[in-house]
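I opened the model today to look up a few local features. Here are my notes, in the order in which I took them.

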Amino acid sequence: MKLALIGLPKTGKTTIFNALTRTEHSTDKYAPPAGEANIGVVPVADERITRLSELYKPKKTIYATIEYHDYPGIFAKEAESGENAMLSEVKSADAFALVLRGFKDEELDGLYELGSPEKQFQHIEEEMILADLIVAEKRIEKIELGYKRGVRTPAIQAEEKALRAIIDQLQDNKPLRDLQLPPDEEKAVRGFQFFSSKPMLILVNTSEDSLSAWDSTLQIFADKGFKANVIAGKFEEELSKLDSEEAEMFMTDMGLAESIRDRLTHWSYQLLGNISFFTVGPDEVRAWTVERGANAVTAAGKIHSDLARGFIRAECFKYDDIINHGSEKVLKEKGLFRLEGKEYIVKDGDIISIRFNV
Ligand SMILES: Nc1nc2c(ncn2[C@@H]2O[C@H](COP(=O)(O)OP(=O)(O)O)[C@@H](O)[C@H]2O)c(=O)[nH]1
Ligand SMILES: [Mg+2]
């Protein structure tokens with residue numbers, strides 16, 4: 001899963017990135033925005049993998065990961081000037097975490113007039129809508145040119161129809177997140193990876209002594225349908241440098257049950273509707289991520305495309321059952337070891353082995 005931290009300059013994106021990845025990239029107040037993104041891969045803590053690993057004693061234990069990308073501020077300007085490497089990189093994210101500045105800093109306030117978190121949100125949303133509109137309108141022009149030359153296929157017509165709906169939506173100043181397209185049209189424009197269509201988490205970044213001051217702001221975002229949370233970025237960055245015992249002490253003081261890393265993992269899984277399934281064996285115990293509602297073939301394809309292509313069946317049991325009963329042999333005796341077909345909907349915590357033939 002790829003999650004991009006985005007937002008206006010000096011809202012604390014790199015500070016939060018450092019806390020998440022336990023790195024020390026520069027967060028100098030006066031430094032110009034970085035020329036490129038910071039990228040870091042963070043394991044998804046999952047006690048179930050730890051326990052499965054104890055049980056199977058595999059050579060390798062592999063947790064799921066989240067790849068965080070920390071971008072300097074970008075949008076409409078770059079979209080206008082055409083292809084921009086960073087822009088297409090941002091678009092490849094599965095979701096955005098929008099960082100809004102809630103903390104006070106007189107020096108920064110003098111340098112950047114960002115306004116309230118709501119104002120910053122509005123600014124970013126407008127930029128996204130504008131960037132998307134530019135892309136959609138350019139594509140329509142091309143399609144029309146093609147029509148004149150006699151290029152008219154059902155696929156292009158579906159795309160055109162989708163783009164017209166998209167342009168209407170954007171001209172109403174509404175994000176594409178809120179536009180439902182029929183499946184064939186959605187598919188025709190999926191490749192554009194429109195900014196305003198991405199799932200987005202909202203993070204209000206504030207100081208540790210004013211976490212509770214943002215309840216009404218969070219409610220405003222929740223009313224718009226967002227998952228919004230308040231975090232203390234700088235405090236989290238400092239926590240991430242401590243050893244776990246010390247960090248826990250401070251977290252208890254603050255009433256924080258989990259590290260920022262773990263909280264953001266939960267929020268992004270919820271946002272994307274992701275679940276985990278596992279593969280186990282003497283070589284490897286491993287966690288995999290799929291969207292809730294995915295079937296056995298889709299899950300197989302996460303492991304390897306051959307497994308999806310040559311799918312015969314899935315052998316399947318539940319994490320809770322193997323922990324309760326201790327061995328696959330007992331599960332088989334108790335009838336808890338199942339054979340499932342292509343259409344089987346994978347559940348969170350399923351342990352799956354794919355039989356295939358290519
Ligand atoms: N007081 C306070 N300062 C912060 C917080 N988060 C970031 N900062 C400061 O804001 C400045 C810009 O942070 P940075 O992470 O580089 O912002 P970016 O431009 O969004 O990546 C730095 O001086 C940080 O120390 C916070 O939660 N509270
Ligand atoms: Mg930065």
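**Helix H2 and its surroundings**

I began with helix H2 (residues 47-56) and listed its buried residues: Arg 48, Ile 49, Leu 52, Ser 53 and Tyr 56. Looking down the axis of H2, I found these buried residues within an arc of 135 degrees, so they line one face of the helix. The arc is taken from the directions from the helix axis to the C-beta atoms. An α-helix has 3.6 residues a turn, so residues three or four places apart point the same way. On the other side of H2, I noted Glu 47 and Glu 54 as exposed. My cut-offs: buried is under 20% relative accessible area, exposed is over 50%, and partly exposed lies in between (1.4 Å probe, protein chains only). Helices (H or I, at least four residues) and strands (E, at least two) are DSSP runs, numbered from the N terminus.

Next I checked the ends of H2. Asp 46 caps the N-terminal end, with a side-chain oxygen 3.0 Å from the backbone nitrogen of Arg 48. Just after H2, I saw that Lys 57 takes a positive phi of about 45 degrees.

**Ground rules**

This is a predicted model, so I kept to its limits: local features need pLDDT of at least 70, side-chain atom pairs count only at pLDDT 80 or more, and totals for chains, interfaces and linings use all residues. Residues are numbered from 1 along each chain as its sequence is written, chains are lettered from A and ligands numbered from 1 in the order in which they are written, and side-chain values use heavy atoms, leaving out hydrogens and water.

**Ile 62**

I found Ile 62 in strand E3 (residues 60-62). Ile 62 is partly exposed, at 23% relative accessible area. What does Ile 62 touch, leaving aside neighbours within four places in sequence? I listed Ile 49, Glu 284, Val 285, Arg 286 and Ala 287, where contact means heavy atoms within 4.5 Å.

**Aromatic rings**

My search of the whole structure gave seven aromatic pairs. Rings of Phe, Tyr and Trp (its six-membered ring) pair if their centres lie within 6.5 Å; planes under 30 degrees apart are stacked, over 60 edge-to-face, and the rest tilted. Phe 317 and Phe 337 have ring centres 5.4 Å apart and planes at 25 degrees, so I logged the pair as stacked. Phe 317 is in strand E10 (residues 311-318) and Phe 337 in the loop between helix H16 (328-333) and strand E11 (338-340), so the pair ties together parts 20 residues apart in sequence. Phe 317 counts as buried, at 4% relative accessibility. I also noted that ring pairs link Phe 121, Phe 221 and Phe 226 into a cluster.

Technical notes. A polar contact is a pair of N or O atoms within 3.5 Å; within protein, one must be able to donate a hydrogen and the other to accept it, and residues adjacent in sequence count only if both atoms are side-chain atoms.
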